[in-house]
Amino acid sequence: MTPVLELEHITKRFPGVTANDEISFTLKRGEIHSLLGENGAGKTTLMNILYGLLKPDEGEIRVQGNICRMESPKDAIAHGIGMVHQHFKLVPTFTVTENIVLGNEPVRGLFLQRKDARREITKLSSDYCLNIHPGMMISQLSVGEQQRVEILRALYRGAEILILDEPTASLTPNECVAFFEILKTMIEDGKSVIFISHKLDEVMEISDRITVLRKGKVVGTVDRDATDSKELASMMVGRDVVLRVVGEHKRHKNTSPQASLEKLWVKGDQKKPLLKDITMDVYPGEILGIAGVDGNGQTELAEVFAGLRKPDKGSVRIGDHDPAAAVSPYERIRQGVYYIPAERKKRGSALALSLSMNLILKNHATHPFSRRGILNYAAIQTFARKQIEEYDIRCPSSEIPAETLSGGNLQKLILSREISGKPKLLIAEQPTRGLDVGAIENIHSLLLSERDRGSSVVLISADLDEILALSDRVVVMYEGEIAFTSEDPESAREEIGLAMGGAYCTE
Amino acid sequence: MHGIKDKLRKLRLPDDFRWRRVAIPVLAVLAALAIGALLILLAGKSPLTAYRALFRSAFGNRNAWAETLVKMTPLLLAGMGTAVSLRARIFNIGAEGQIFMGALGAAAVGLFFGNPPLIIGIPLMAAAGFVAGGIWGGIAGFLKQKFQANEIIVTLMLNYIAIEIVSFMVGGPWRDPVGTEPFTARFSNGTILPIILSKTRLHGGIIIALIAAVVIWWVIRYTTYGYRITVTGVNPEAARYGGIKTGRLILITMFISGGLAGLAGATEVSGVHRRLLESFSPGYGYTAIAIALLGRGKPAGVTLAAFLFAALVIGTNGMQDFVGVPVSIVFIIEGLVLIFILASEVFQRRRG
């Protein structure tokens, strides 16, 4: 049987880099074929070529055995290829139907013929169990539902081949499960799926075959049943990696807490409070995992700890310091609160400045970096070189601007700076988001060693696997509230997942 | 599409940074002069004669150099002031008002401190100018820090107030009773900046200005305060996150920024006019903004830019006096230089 899609020796060069180097890839009818690789491995470039957004320098594309030229997404759609981008391209103030027909509106004279479109969409939605009502406004839909609208749009345009670019990035664990069910329904119906991801577990779960890319080249294509996560990881990274750094879980109940929040409220711009009656303790020598989908108050919580945000009600106590005293970020740093923000570029670093200048951000006023207000460049650079060496920050020198670092190396820079302050309380917010397997491994073991050193670590993450692998205790946040607490996270995986999706919401 | 991009990339100047930094402003000036030549031609004059006059007036002899350096003094000081605030991402466009207040402070010392010896009189006069200008800048800093008042609007409005205060003082309370026009009496001898090049108007202010530029360079590069300014300017959110007390920083920075502009006013009235008068500044404070931008907020760059603008002002004045090129063309050339340099800046930044 002819494969539905064949890519033959696709090569795409950008100035200074070959993004795709002789990539060949086939997709059989009715299979889920995953494209696995780290950031920058060339996955997205390849799919943009397939979808007509980029032109290959060499190579050819065959759909159902016929050579096709994809000049634009229109050609791709005409050949039955649909793409769901990582960031949805929907108009929030339009209905589902309006979004789906957008750019290809069924018109009679000057009037939009919504009825036929609606009927078609309703049918597709029920055929594939998408459960989307065509009259709903996009802004009323959850992220998972919006993604299903994107899929509906591809199906409505007659897609036989679906490209899904990192589709689970913004879904809760339970939404993921539902999403995989939808994929299976589509496969049964004879559709074919290209699934782009850098997450090993889900690739192992959903795929029939897996093609691994590294630095623009195909490392290999394997059957799911003939491989395991470990093999995939080493194909992806090019060396053996420790997949899951799991620390021995500890509990230090008999000590007094390093930090306590009591009945903390933070009001928002809108009616809903950003943080609602939060009470929690963090003990020395533990990692407290704060699970939750983005935007449920975790950033605000981190900001309260770091002194960047003043609570409207309630108290924050760090160590023995007086909770009633006014605090600023400066005082919090002096009290030993260090913070790895999710916003690495906007908040965590001054990109235009050198690595060494970034490394002294928090402690530039202390010995040996300065004395009586005068900077000691020799000491600063010695320190910078030591940190770069110790934390394996890949860079030509300590004096290059931070903006030239890759994401993983920038994060290592921030992490090394925060750890160098010898934190008593370390807040790590989405510390491994968007990073490669190798860098993730590195950062996880650093967080664990901070804990073992006796400091309190608050790990804020939307990645449930990360939370479960590292945390000694877990708190789930949903809409600014603590929705669930677990002293034994491993056995509560399902409840934690449900709580992240709002199942235990009080309202 | 990529073909065009690649070609553009090749057209770009090589990545040699230092070379580029000098070449770009020079090219911009040449381009502005070329267009200016066209306009001079349209006005019926010979561009060659006109430009010869420009060059001679700015650098032709001892006196020409002296005049250029006299002009450079307030431009450099006020330009440094604006540059300091710019580095902290504060848009202080109130150098003009701070110049006037600085002049007022200097006048207070010059008029009412008896006749101190130079060694006491000059520092006292300069300090009074710095503090007066600094307070004027500090007001805007305080309002920004305390009430998030937009410093652009506040400093602009403070300009008018400062100019009117000086106007009132020289027209009323401090008016020289025997003067024909609204100006004060002559400052006491001990508070007048001495001439440093005989038979010219070149006064000691240029030395003060150059020392100030070096001090600011050192402060920015080698002190924790300078580090904080730089971080805040590059990324205010990172500064706050890093524990830098940005409110206090704004206040101090605006004081120093205003102080430098105040020093510009003080040296100008003491060194050139030797008394306070109503309109001693032809908009130095506004030219200072252009100079700070051209110099990219860096002391060396600002010094060069101040020199360039001083030469341009003196030179174009000469062009007007000796060749009769209309004043408007002179302004057009000055404007063009600015536009070209800023445009080249944008061009350079758009890499990749």
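**Ground rules**

Residues count from 1 along each chain as its sequence is written, and chains are lettered from A, ligands numbered from 1, in the order in which they are written. Since the model is predicted, local features need pLDDT of at least 70 and side-chain atom pairs count only at pLDDT 80 or more, while totals for chains, interfaces and linings use all residues.

**Entry 1: chain A overall**

I started with the secondary structure and got 16 helices and 23 strands for chain A. Helices (H or I, at least four residues) and strands (E, at least two) are DSSP runs, numbered from the N terminus. Next I looked up the radius of gyration: chain A has 25 Å, close to the 23 Å that the globule rule gives for 507 residues, so chain A is as compact as a globular protein of that length. That radius is taken over C-alpha atoms, and the rule is 2.2 Å times the number of residues to the power 0.38.

**Entry 2: the domains of chain A**

Chain A splits into domain 1 (5-237), domain 2 (259-336 + 422-507) and domain 3 (346-419). The bounds come from an automatic or database domain assignment. I checked domains 2 and 3 of chain A, and their C-alpha centres are 26 Å apart. Twelve residues of domain 2 and eight residues of domain 3 make the contact; residues are in contact if their C-beta atoms, placed from the backbone, lie within 7 Å. On the domain 2 side, α14(A) gives the most, with five residues. By class, that side has eight nonpolar, two polar and two charged residues. Here Ala, Val, Leu, Ile, Met, Phe, Trp, Tyr, Cys and Pro are nonpolar, Asp, Glu, Lys and Arg are charged, and the others, Gly among them, are polar.

**Entry 3: a sheet in chain A**

I traced an open sheet of six strands with mixed pairing, in the order β17-β20-β21-β15-β22-β23 (chain A). Strands pair if DSSP finds at least two bridges between them. β17 (337-340) and β23 (481-486) of chain A are at the edges with a single partner strand each, so one side of each has no neighbour in the sheet. β17(A) pairs with β20 (425-429) of chain A in the parallel sense over four bridges. Tyr339(A) has Ile427(A) in β20(A) as its bridge partner.

Then I followed α14 (437-452) of chain A: this helix lies across β15 (287-291), β20 and β21 (456-461) of chain A, and runs at about 150° to β21(A). For such angles, axes are lines fitted to C-alpha atoms, for helices over the stretch in contact, and the values run from 0 to 180 degrees between N-to-C directions.

Chain B has 14 helices and zero strands. Its C-alpha trace spans about 75 × 60 × 30 Å along the principal axes.

Last, I looked at where the chains meet: 18 residues of chain B are in contact with 22 residues of chain A. On chain B's side, α1 (2-11), α9 (224-234) and α10 (236-241) each give two or more residues, and α9(B) gives the most, with six. That side of chain B has seven nonpolar, six polar and five charged residues.

Note on methods
Two residues are in contact if their C-beta atoms, placed from the backbone, lie within 7 Å.
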